[in-house]
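The following note sets out comments on the model, arranged as numbered points.

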Amino acid sequence: MKKALITGITGQDASYLAEFLLKKGYKVFGTTRRSSTVNNERIEHIQDKITILQGDLLDQGSLSSALLESEPDEVYNLAAQSFVQTSWNQPVLTGEFTALGVTRLLEAIRTVNPKIKFYQASSSEMFGKVTETPQKETTRFHPRSPYGVAKVYGHYITMNYRESFGIFACSGILFNHESPRRGLEFVTRKISNAVARISLNKQKTVELGALEPKRDWGFAGDYVEAMWLMMQQDKADDYVIATGENHAVLEFLDLAFKAVGINDWSEYVIANKTPHMRPAEVDYLIGDAAKAHKVLGWKPKTSFKQLVEMMVKADLAMEKKEK
Ligand code: NDP
Ligand code: GDP
C-alpha cells in the first residue's frame, strides 16, 4: 500500500486529493497547524479514513516528525498562505509560509529520506503581468503580489533540490481552480455564495473589486488528478495545469446570477470597491496545458458553465439549510 502525506489537509485541494488517493488505495496522512478551533469542515466526511499529524510550515522539526511518523512515498505540499489580497497585509508571513516553508519541507525530506517524492503547489500568479499568451512552462515569471513572489521562490527551490540532490521534486503550475469548497474570500465563492443568499433574500448586495480581470478557472476536483499523475512519471518535471479558456470576473457574475434566474443583476452588485481593489492587479491569465496533455494524458473534465452552476447550487443548498 502506497503512503502519501499532504500538507495543509484542511484546505480545498487537499480535501479533493485525499479523496482521490483513498480511492487509489493509498494510506493518507495530512498535516494541520495548531488552531484554537476545529477547522475540519472540508475533510469531515473522510476524517476516519485519514491520519492527521501536526505540522507547521514555520517549524521544520514538526515537518521532520511528520515524515518520520508517516514514512510516505509521496509528499504533496499544498499548505500555504494562499490568498493574494492578504499577502499585501502580511508580506513577511506570506514569505515565511509560502516561500521558506517549501525549503523547510524539502530540507526535512533531504535529511529524513531523500527518496520521498515531492510535489510543490506552484501557481499561475507567478506569471502575473504576463509576457506571453497563453502561458506555458517556459513563460517568464513577473509576479505582481507578495504571494506571487513567494510562489516563484517555492518553484525555484523545488527545481533546485531536484538538480542539487536528485530528489524527485516536481511542480504543478496550476491556474485558478475552484469548487464549492473554495474559501469564501476568493471571488468565485464570494459570488456564488452572495448570489445564493440574494436569491433567498438573506442578503441585499455584494461588494466587489475589479470585474475586468480574466482568469483561467477550472474545477479543483479535476486538478488533483494532475498532481498525482506528475508523481507517477519516471522523471520529475514541471507542468502547467489549466483549461485553456479564460473569463472575466463579470462573466462569472453573470452566469452565477443566471443560474438562479436573475438576468439583470445591476441593483445587487457594487463594483470597484476600495478594500477589494489591489495595489497591483493580474489582468489576464490563460494557460497552455499541452505538455500535461501530451505527457500525463491529463485534460480537464468540467466546463466553466458547469463549474459556476455547481458552486451556486451547492451554496443554495447550504444557505437553505442554514436559516
Ligand atoms: P487553501 O487556502 O484552501 O488551503 C491552504 C492550506 O494551507 C490550509 O489547510 C491551511 O491551514 C494550510 N496552511 C496555511 N499556513 C500554514 C502553515 N504555516 N503551516 C501549515 N499549514 C498551513 O488553498 P488551496 O487548497 O486552494 O490551494 C492549495 C495550494 O495550491 C496552495 O499552496 C495554493 O497557494 C496553491 N494554489 C492554489 C490555486 C487555486 O486556485 N486554488 C492555484 C495555484 C496554486 P488552515 O486551515 O489552518 O488555514
Ligand atoms: P487570485 O487569482 O488568486 O487572486 O484569486 P481571487 O479569486 O482572489 O481573485 C481573482 C480576481 O478577481 C482578481 O483579479 C481580483 O482582483 C478580482 N476580484 C474582484 N473583486 C474581488 C473580490 O471582492 N474578492 C476577490 N478575492 N477578488 C476580487
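1. By class, the residues in the shell around ligand 2 divide into 8 nonpolar, 3 polar and 7 charged. The shell comprises 18 residues, and those that come nearest are Lys190, Gly209, Arg215, Arg278 and Glu281. The model is a predicted one, and the comments below should be read accordingly.

2. Polar contacts to ligand 2 come from both side chains and backbone. A polar side-chain atom of asparagine 176 is placed 2.9 Å from an oxygen atom of ligand 2, and an N or O atom in the side chain of lysine 190 is 2.7 Å from an oxygen atom of the ligand. Glycine 209 contributes a polar backbone atom, 2.8 Å from a nitrogen atom of ligand 2. On its own, ligand 2 has 530 Å² of accessible area, of which the protein covers 98%.

3. Ligand 1 is surrounded by 25 residues, the closest being Thr10, Arg33, Asn39, Ser82 and Tyr147. The class composition of this shell is 8 nonpolar, 11 polar and 6 charged residues.

4. A backbone N or O atom of alanine 80 lies at 3.1 Å, a polar side-chain atom of lysine 151 at 2.9 Å, and a backbone N or O atom of histidine 177 at 2.9 Å. Ligand 1 taken alone exposes 900 Å², and the protein buries 90% of that. Two or more residues of the shell are given by each of α1 (12-23), β5 (117-123) and α5 (146-165); the largest share, 3 residues, comes from β5.

5. The whole structure contains 17 salt bridges. One of them joins aspartate 315 to arginine 189, with the closest N and O atoms 2.8 Å apart. Aspartate 315 belongs to helix α10 (residues 304-321) and arginine 189 to helix α6 (residues 187-199), so this pair ties together parts that are 126 residues apart in sequence. Aspartate 315 is buried, at a relative accessible area of 2%, and arginine 189 is likewise buried, at 7%.

6. Helices α10 and α6 are also joined by glutamate 319 and arginine 197. The closest N and O atoms of this salt bridge are 3.0 Å apart. Because glutamate 319 lies in α10 and arginine 197 in α6, the pair ties together parts that are 122 residues apart in sequence. Glutamate 319 counts as buried, at 4% relative accessibility, whereas arginine 197 counts as partly exposed, at 23%.

7. Which parts of the chain does the pair of lysine 291 and aspartate 237 link? Lysine 291 is in helix α9 (residues 290-296), and aspartate 237 is in the loop between α7 (220-231) and β11 (238-241); these distant parts are 54 residues apart. The closest N and O atoms of this salt bridge are 3.1 Å apart. Lysine 291 counts as partly exposed, at 25% relative accessibility, and aspartate 237 is partly exposed with a relative accessible area of 25%.

Definitions and conventions: Residues numbered from 1 in each chain as written. Chains lettered and ligands numbered in written order. Predicted model: local features only at pLDDT ≥ 70, side-chain atom pairs only at ≥ 80, totals over all residues. Heavy atoms only, no water. Near = heavy atom within 4 Å. Polar contact = N/O pair within 3.5 Å; in protein donor to acceptor, adjacent residues only side chain to side chain. Areas by Shrake-Rupley, 256 points an atom, 1.4 Å probe, with all protein chains shown as cover. Helix = DSSP H or I, 4+ residues; strand = E, 2+ residues; numbered from the N terminus. Nonpolar A, V, L, I, M, F, W, Y, C, P; charged D, E, K, R; others polar. Salt bridge = Lys/Arg side-chain N within 4 Å of Asp/Glu carboxyl O. Buried < 20%, exposed > 50% of the residue type's maximum accessible area, 1.4 Å probe, protein only.
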